[in-house]
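Subject: Structure for your review

Dear colleague,

Please find below the structure that I am handing over to you. My findings follow it.

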Amino acid sequence: MSTVLESALLPTYPPAPVTFVAGDGVWLVDADGKRYLDFAAGIAVVGLGHRHPVPLAAAHAQLDKLWHASNLFATEPAAALATKLSERFGGAQAFFCNSGAEANEAALKYARKATGKTGVVALSGGFHGRTTGALAATGQPAKRAAFEPLLAGVRFAEPNDAASLHAAAGEDVGLILLEPVLGEGGVIPLTPEFAAAAAELADELGALLCFDEVQTGIGRTGTFFAWEQLGVKPDLVTLAKALANGLPIGALLVADEAAGAFQPGDHGSTFGGNPVVCAAACAVLDTVDDALLALVREYGSVLLAGLARFPHVVEARGGGLLVGAQLDVPAAAIVSAALDAGLVCLTSGQDVLRLAPPLVVSGAEVDLALSILSEVLS
Ligand code: PLP
């Protein structure tokens, strides 16, 4: 394995173990020509696999028409994408930006404007991004410590503990911000009971409930939105990662029931809603259909059952193709050994191995990943 010279990059990430030069479906190729089965999908981003022909063709066609016009003008792809997302959500308006953190910043501002309140309840172990507002709501103290003071008024509750949710709440709370599955915090799915308690609490407080579906959205957990499985429709949803299959995009969806807070001038983004990215995202939405979602659920169950049988796996959990294996050994060493063996996977915290393959993965590729992991974990 070899990597490109990295000394000109700020060292915000550990040194990269490999340089990828090409991708095709569920496979990546490194600079030495070695092929890898990709069960990371660029951290749950390349949902349809590398170079999927439908978003690829849509982006190419848009590149040939119009790249950028600014949000001072309408463009067809952004309007079409907002309409498609509204249909999937069941009535919502969209704001487009460029990342998950930006989508959560938009949610933080929207809730302030809509409720007139600045308090936020989020979850211990949750992750919402690295910008200062999103970081303030990220329940991982080590990521926040060097940058405090951050946005004031954020309190943390324990996942799936309704009593701690109530203890964190107060009259000042205008936003409850939750990931349906804590993707960076150990792959912890919220229970429907906890989600219902959060929705009830938001109602009582006059706060908005936002699901951060940056990682769980666009079919990752086996339904288009993960909240569909929780039975709780939120006021706000944030999306990013898989929305354009790897081109940068974020979105805040505001349910029609919570509409009206943002007026012209309240928020914006130069690149948000870029026509090329939105054209790719429209193609993604057209491709993530019921048949694909059924496969996501099926192969997710196969992965869970397979992992649960391996040595060093204390618990396998997750939903659809966002799967975590709690290990009794450090997860980073397993991810590194898997990479050597030709399988790309992820950690989620210190001791959780995370798998998030493209949603188009085949049964044979799931079996191959499991057989590599059974060697690595033996
Ligand atoms: N929210 C969740 C749930 C995430 O998993 C992430 C990234 O991992 C973010 C927000 C931040 O997204 P971005 O890195 O695009 O800013």
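I begin with a strand pairing. Strand β2 (residues 27-30) pairs with strand β3 (residues 35-38) over 3 bridges, and the sense is antiparallel. Please bear in mind that this is a predicted model.

Within this pairing, V29 has R35 of β3 as its bridge partner. The hairpin formed by β2 and β3 has 4 residues between the strands, and G33 adopts a positive phi there, near 90 degrees.

Strand β3 has a further partner: 2 bridges join β3 to strand β15 (residues 343-344), and these two strands run parallel. In this second pairing, L37 is placed opposite L343 of β15.

- The peptide bond between E148 and P149 is cis, with omega at about 5 degrees. P149 belongs to the loop between α6 (141-144) and β6 (154-157).
- A41, a residue other than glycine, has a positive phi near 50 degrees. A41 is part of helix α1, which covers residues 41-44. The relative accessibility of A41 is 0%, and A41 therefore counts as buried, the limit being under 20%.
- N160 is likewise a residue other than glycine with a positive phi, here near 65 degrees. N160 sits in the loop between β6 and α7 (162-168). With a relative accessible area of 32%, N160 is partly exposed, because this value lies between the 20% and 50% limits.

Turning to the chain as a whole, I note 13 helices and 17 strands. How does the radius of gyration stand against that of a compact globule? For 378 residues, such a globule would have a value near 21 Å, and the 20 Å of the chain agrees with this. The C-alpha trace spans about 55 × 55 × 45 Å along its principal axes.

Of the 378 residues, 53% count as buried.

Regarding contacts between residues at least 6 apart in sequence, 70% join residues that are at least 24 apart. The pairing of β3 with β15 described above links residues 35-38 with residues 343-344.

Finally, the chain carries 21 positive and 39 negative charges, and the mean positions of the two sets are 3 Å apart.

With kind regards

Technical notes: Residues numbered from 1 in each chain as written. Predicted model: local features only at pLDDT ≥ 70, side-chain atom pairs only at ≥ 80, totals over all residues. Heavy atoms only, no water. Rg over C-alpha atoms; globule rule 2.2 N^0.38 Å. Buried < 20%, exposed > 50% of the residue type's maximum accessible area, 1.4 Å probe, protein only. Contact = heavy atoms within 4.5 Å. Lys, Arg positive; Asp, Glu negative; His and termini not counted. Charge placed at Lys NZ, Arg CZ, Asp CG, Glu CD. Pairing = 2+ DSSP bridges.
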